[in-house]
Amino acid sequence: GKVMTPEETENMLAKVVPLLPTYKITARKWTAEHLKARIDRYTATSTSCSGVSLSDCKGLPPSALKDLASFYGRLDDGSTDWHEADMRAFGALLAKINNASLPEDLRPIVIFSLVYRLWSSGHLNHFLHELKDQLPGDIVGFVPGKCTTDVWIQESLDVELHIVLDRVLRG
């Protein structure tokens, strides 16, 4: 197929963007308490390519959570960018065992990828909750309170109805 030129892309966007639906979303206020509650929901199964999971952040001290919340707030209000992050604030020693007291009982981690994953999942979750009542009924993926089984049940009922009524089902 033909590749669109930048000018063609801009012209297409100028026509399409005004037709897209818009939604009002209330901004999230990041707090250390919100981050702690969010982190506590994760299990060790959600690992990144580095082998570190969001659940590893459960051992972060309150000061690090406060720093993260402040950083997320600055990102959202546009007063900082990802590349301006002070990475020294996002390192931590996590306990490998209960009641860790020796250096070998601790594991240092660099959590930039986790910092982004936590920020993005927090926003996605917030946005989905804000939008769930405005989305069309047939959109169920990742929508709180809905699941794909809802669609499959309806599809199954449609098939059964067509069989009972001896109608052809296409599509």
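How many helices and strands does the secondary structure of the chain come to?

**Figure 1. Overview of the predicted model and its secondary structure.** The secondary structure of the chain comes to 5 helices and 2 strands, which follow one another along the sequence in the pattern α-α-α-β-β-α-α. Of the 171 residues of the chain, 26% count as buried, and among contacts between residues at least 6 apart in sequence, 51% join residues at least 24 apart. The mean pLDDT of the chain is 80, with 87% of its residues reaching 70 or more. Confidence is highest in helix α1 (residues 6-16), at a mean of 92, and lowest in β1, at 74, a point to keep in mind when reading the views that include this strand.

**Figure 2. Close-up of the largest nonpolar core.** This core has 22 residues, among which Trp30, Leu35, Leu60, Leu65, Leu68, Tyr72 and Leu118 touch the most other members. Two or more residues are given to the core by each of the elements α2 (32-40), α3 (62-77), β1 (91-95) and α4 (112-131), and the largest share, 7 residues, comes from α3.

**Figure 3. Surroundings of tyrosine 72 and the aromatic cluster.** Tyrosine 72 counts as buried because its relative accessibility is 0%, and, when residues up to four places away in sequence are not counted, tyrosine 72 touches Trp30, Leu35, Trp82, Leu114, Val115, Leu118 and Trp119. The structure holds 2 aromatic pairs. In the pair formed by phenylalanine 71 and tyrosine 72, the ring centres are 6.2 Å apart and the planes lie at 40°, so the pair is classed as tilted. Phenylalanine 71 is likewise buried, with a relative accessible area of 1%, and Trp30, Phe71 and Tyr72 form one aromatic cluster.

**Figure 4. Histidine 123 and its polar contact with aspartate 76.** Histidine 123 is found in helix α4 and counts as buried, because its relative accessibility of 11% is under the 20% limit. The side chains of histidine 123 and aspartate 76 are joined by a polar contact of 3.0 Å. Leaving aside neighbours within four places in sequence, histidine 123 is in contact with Trp30 and Asp76; Trp30 is also one of the residues that touch the most other members of the largest nonpolar core.

**Figure 5. Asparagine 99 in the loop between β1 and β2.** Most residues other than glycine have a negative phi. Asparagine 99, by contrast, has a positive phi, near 55°, and this residue is found in the loop that lies between β1 and β2 (106-110).

Figure 6. Aspartate 166 counts as exposed because its relative accessibility of 71% is over 50%.

Conventions. Residues numbered from 1 in each chain as written. Heavy atoms only, no water. Core = buried A, V, L, I, M, F, W, Y, C linked by side-chain atoms within 4.5 Å. Buried < 20%, exposed > 50% of the residue type's maximum accessible area, 1.4 Å probe, protein only. Helix = DSSP H or I, 4+ residues; strand = E, 2+ residues; numbered from the N terminus. Contact = heavy atoms within 4.5 Å. Polar contact = N/O pair within 3.5 Å; in protein donor to acceptor, adjacent residues only side chain to side chain. pLDDT = per-residue confidence, 0-100. Phe/Tyr/Trp six-rings, centres within 6.5 Å; stacked < 30°, edge-to-face > 60°.
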